[in-house]
Amino acid sequence: GDLRSVLITSVLNLERLELDLFRGRHHWVPATQRLFGGQIVGQALVAAARSVSRDEQVHSLHCYFVRAGDPKVPVLYEVERTRTGKSFSVRSVKAIQHGKPIFTCQASFQLSQGSPVQHQFTMPSVPPPEDLLTQEELIQKFLQNPNLAERYRKHLTKIQAEDVPIDIKPVNPPDTFCLEAQEPKQFFWVRARGYIGETDMKVHCCVAAYISDYAFLGTALLPHRQYHIKLMVSLDHSMWFHAPFRADHWMLYECESPWAGGCRGLVQGRLWRRDGVLAVTCAQEGVIRVQEMPNQSKL
């Protein structure tokens, strides 16, 4: 059988210190040496989920990143049981390092309820994941180009060395690195690495929270590739969970950026099941600071 997903055995496996107090450790730290936002969102949702009944499922999550996370120390998650109602329950979570909050969020859970009022958008038509290369295979393809500039080679090698616990297959990857402006929209097939299986749906939602932050804000930079990124960090992150899904099965992540300005960018995303069901909707705003790149060819 498949190996158990590291997202379950390690990344999202919090240590309970008290009834509503948990400690989380780090698995993957980006090159920026800031904590990965998706990890904090996912761990916070794990902490909130442990304070509700098994029958209650998360339907929405609203988060703010207030300080940069320190990858050298664990994160404490403090849960407040804001409200427990007959149909809906709300939990507030504060992530703490060095005695200060680095992140706050509220998660709302609901007991299952049927309704005749139902509709959704139509899933975009894209090639299936079996027809596409993984991010690792694409990088290897780029690195085989003998004319690739050394700075791009170093950048790609660094990405290749990262131990990201997600399988990613870009739908429309560029043939090579270019500075031409692109439409602020991209598609990825994504899934957790390893096996999660049939379990409490809240587990899959926590994994999707982790996955949702990867490469999300970068969508806002696609029309502005002539600039060098000085700083790109999340300010807030929201998710709405619509239908059951398996986070260890391929899902299409549709990302688009309707607006950027004032050193901020807004991105929206939809996670689709392979059968066309809209499973999750996401939104995020982040700080984006750039500088002009020198005029030089990449090859």
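**Entry 1: the enclosed space**

I began with the lining of the largest cavity, which is made by Ile166, Ile168, Phe188, Val190, Ile211, Tyr214, Ala215 and Tyr253. I was working on a predicted model, where local features need pLDDT of at least 70, side-chain atom pairs count only at pLDDT 80 or more, and totals for chains, interfaces and linings use all residues. Residues are numbered from 1 along each chain as its sequence is written, and side-chain values use heavy atoms, with hydrogens and water left out.

I noted what the search counts: on a 1 Å grid over the protein atoms alone, a cavity is a set of points where a 1.4 Å probe fits but cannot get out, a pocket is an open set with protein on both sides within 12 Å along at least five of seven lines, and lining residues have an atom within 4 Å of a point.

How many cavities of 30 Å³ or more does the whole structure hold? I found 1. The largest cavity has a volume of about 40 Å³, volume being the space filled by probe spheres set on the grid points, which are joined across faces, edges and corners.

I then checked the lining by class and got 8 nonpolar, no polar and no charged residues. Strands β7 (166-170) and β8 (185-192) each give at least two of the lining residues.

**Entry 2: the open space**

Next I turned to the second largest pocket, with about 900 Å³ of space. Among the 22 residues that line this pocket, Gln110, Gln113, Phe241, His242 and Ala243 are the closest to its centre.

β3 (56-65), β6 (100-111) and α5 (201-212) each supply at least two.

**Entry 3: strand β2**

Last, I followed β2 (residues 21-24) to see where its side chains point. Phe22 and Gly24 face one way and are buried (under 20% relative accessible area, with a 1.4 Å probe and protein chains only).

β1 (residues 15-18) runs antiparallel to β2, with 3 bridges between them, and a hairpin of 2 residues joins β1 to β2. Arg16 has Phe22 as its bridge partner in β2. β2 also runs antiparallel to β4 (residues 75-84), joined by 4 bridges, and there Arg23 is partnered by Leu76.

How values were computed:
Ala, Val, Leu, Ile, Met, Phe, Trp, Tyr, Cys and Pro count as nonpolar, Asp, Glu, Lys and Arg as charged, and the others, Gly among them, as polar. Buried means under 20% relative accessible area, exposed over 50%, partly exposed in between (1.4 Å probe, protein chains only). Two strands pair if DSSP finds at least two bridges between them.
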